[in-house]
Amino acid sequence: MKYVLVSGGVISGVGKGIIASSTGLLLKTTGLTVTSIKIDPYINIDAGTMAPTEHGEVYVTDDGGEMDLDLGNYERYLLTSLTRDHNITTGKVYQDVINRERIGHYLGKTVQVVPHITDAIQEWIERVARIPVDESRAEPDVCIIELGGTVGDIESAPFIHALSQLQRKAGKGNFVQIHVSYVPVIPPGPGGEQKTKPTQRAISDVRSAGLSPDLIACRCEQPLEASTIQKIANMCSVEQHQVIAVHNVTTTYHVPLLLEKQKLINTITQMLDLTPIQPTPERIERGSRMWKDWVDLAQGQDFLHDPVTIALVGKYTSLHDAYISVSKALEHAAMFCHKKVKIIWVDSSHLEDGTAPADYHKAWHSVCTADGVLVPGGFGNRGTEGMMKAITWARTNKKPFLGVCLGMQLAVLEYCRNVVGIEDVGSEELHPAAENHAIVYMPEVDKGKLGGTMRLGKHPCIFQENTEWSRLRGMYGPSVSQIEERHRHRYEVNPAMIEQIEKAGLTFIGKDTKGERMEIVEIKDHPWFVGVQFHPEYLSRVLSPSRAFLGFFAAAAGCLDEVSKAVVQGQRSVARKQ
């Protein structure tokens with residue numbers, strides 16, 4: 001097994017995940033099979049109970065793992081499907097070791113951080129790195145490991161020790177470390193000086209911790225000057241080609257192109273001795289096509305001047321990472337359509353009565369002037385009345401609308417209130433005292449426990465009979481009767497109200513395999529009014545956009561018919577207009 005470790009120094013949040021994903025993409029385009037592991041040193045078992053405004057979105061895998069958002073980057077870039085075990089946390093490792101201790105696995109020994117915790121970390125990495133991640137079901141050739149946080153954090157110490165041991169165990173030619181640092185410009189601006197001292201200190205710190213970086217990826221606001229690269233190489237005792245400059249680019253999709261231009265793949269191939277690994281001609285050809293498609297889409301973004309505005313009406317808009325998969329899914333759809341997406345972040349609480357006039361009028365102006373309205377998932381009562389007001393506006397004014405998870409539930413609730421006319425209707429989550437609950441707890445949910453108790457992971461959805469008119473179904477083609485999507489919810493539409501709701505014109509075109517759980521809702525007489533209980537953003541990929549997001553975006557852009565035809569025919573994008 002070959003390993004590429006991506007670690008960080010100086011400050012967090014400088015783009016380790018994008019650099020790790022881009023490195024994996026470059027390796028995959030050569031025909032290699034690539035997998036990824038994300039290490040998060042926090043004590044939580046997983047990200048499932050973390051606030052989106054603190055840690056960003058919770059990403060969900062096929063097997064129901066609730067993960068760090070960087071796992072989404074890996075899947076989107078590498079077109080792979082990872083598992084819950086591809087995200088390692090301090091909580092998971094300690095829980096595993098303690099469980100072993102309880103059953104006498106350590107035979108009465110004193111259980112310590114070294115060697116028991118560090119050995120468990122290595123065993124976890126070596127086991128998960130061999131899990132197949134694509135349709136070939138073959139053992140991966142290379143595993144990309146991202147160490148979260150910054151080297152020097154106290155909580156990272158056991159992982160750094162374990163990784164230094166893994167580095168020695170793997171041996172020369174099987175382990176490469178990329179250390180991501182930050183090169184500030186002082187004073188800020190074009191005339192400032194690029195400072196290398198933080199990077200020098202970061203490399204010194206990581207070496208003193210027991211690791212030895214082979215490549216130094218320098219994040220910077222502007223391209224590194226030749227003198228800066230030479231100084232970093234001299235002061236950190238590496239060759240100049242081992243210093244990789246990653247300056248700000250127009251979109252993160254350009255980062256792989258930036259790394260490829262600096263011949264990163266050649267450098268890693270030599271350091272990891274990848275030459276003996278001979279991918280099949282089919283994998284090489286597939287990788288070549290993948291790279292060509294990626295370059296075409298990434299470079300094509302620079303020439304897009306036809307914006308489509310989407311009002312994202314949510315409750316966590318203060319941190320855009322809380323909806324990162326949603327925004328990425330919109331970007332994927334925009335690239336397919338050769339349009340430019342402009343997301344307008346609307347705090348849903350600002351749409352409610354009693355809001356400060358300036359915030360109220362700004363929020364409603366954003367919703368009313370947008371080409372489409374999107375209401376994403378979330379939990380809790382705050383801002384939900386504002387979301388329903390936005391849904392009412394989109395429904396009555398024939399504006400393309402997409403509701404995801406909570407957004408779908410609120411669309412049903414809004415319809416029950418304003419069209420069906422059910423008195424005192426509400427949600428068990430949001431309106432527990434209401435007489436009629438259109439949204440209820442799923443019967444299997446443990447109400448007293450939050451972590452990992454929702455309906456999670458990939459589940460099938462069956463298109464119902466006589467729904468061939470559906471615009472969303474049209475995105476899959478007439479031969480598709482079943483789809484599979486990832487879920488994360490503990491509430492659902494009340495089955496007892498389905499008949500009454502459908503008679504009023506809101507059709508549940510998709511249900512679970514038993515026909516009891518509502519998955520997709522749609523209005524027939526509308527340009528695009530769709531709600532989905534699942535999270536289609538989790539399966540959206542750069543080269544394979546989510547059909548739900550693509551259809552919604554195309555409707556907002558006024559090109560739904562053209563896009564539907566193109567996607568059913570298997571095209572990567574619609575034809576560009578000359």
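A: Happy to. Aspartate 70 and lysine 38 are both buried, and the two form a salt bridge whose closest N and O atoms are 3.0 Å apart. This pair links distant parts of the chain: aspartate 70 belongs to helix H3 (residues 70-78) and lysine 38 to strand S2 (residues 34-40), 32 residues apart. Please keep in mind that the model is predicted.

Next comes arginine 486, whose side chain meets that of aspartate 62 in a salt bridge (2.6 Å, N to O). Here the partners are 424 residues apart, with arginine 486 in strand S19 (residues 482-489) and aspartate 62 in the loop between strand S3 (59-60) and strand S4 (66-67). Arginine 486 has a relative accessible area of 0%, so it counts as buried, whereas aspartate 62, at 22%, is partly exposed. Both residues also take part in a network of salt bridges, where Asp62 and Arg486 are linked with Glu75, Lys458 and Arg541.

A further pair joins two helices: glutamate 414 lies in helix H15 (residues 406-420) and arginine 395 in helix H14 (residues 384-396), 19 residues apart. Their closest N and O atoms are 2.7 Å apart in this salt bridge. Glutamate 414 is buried because its relative accessibility is 1%, and arginine 395 is buried too, with a relative accessible area of 14%.

As for the overall tally, a search of the whole structure finds 28 salt bridges.

How values were computed: Residues are numbered from 1 along each chain as its sequence is written. This is a predicted model: local features need pLDDT of at least 70, side-chain atom pairs count only at pLDDT 80 or more; totals for chains, interfaces and linings use all residues. Side-chain values use heavy atoms; hydrogens and water are left out. A salt bridge is a side-chain nitrogen of Lys or Arg within 4 Å of a carboxyl oxygen of Asp or Glu. Helices (H or I, at least four residues) and strands (E, at least two) are DSSP runs, numbered from the N terminus. Buried means under 20% relative accessible area, exposed over 50%, partly exposed in between (1.4 Å probe, protein chains only).
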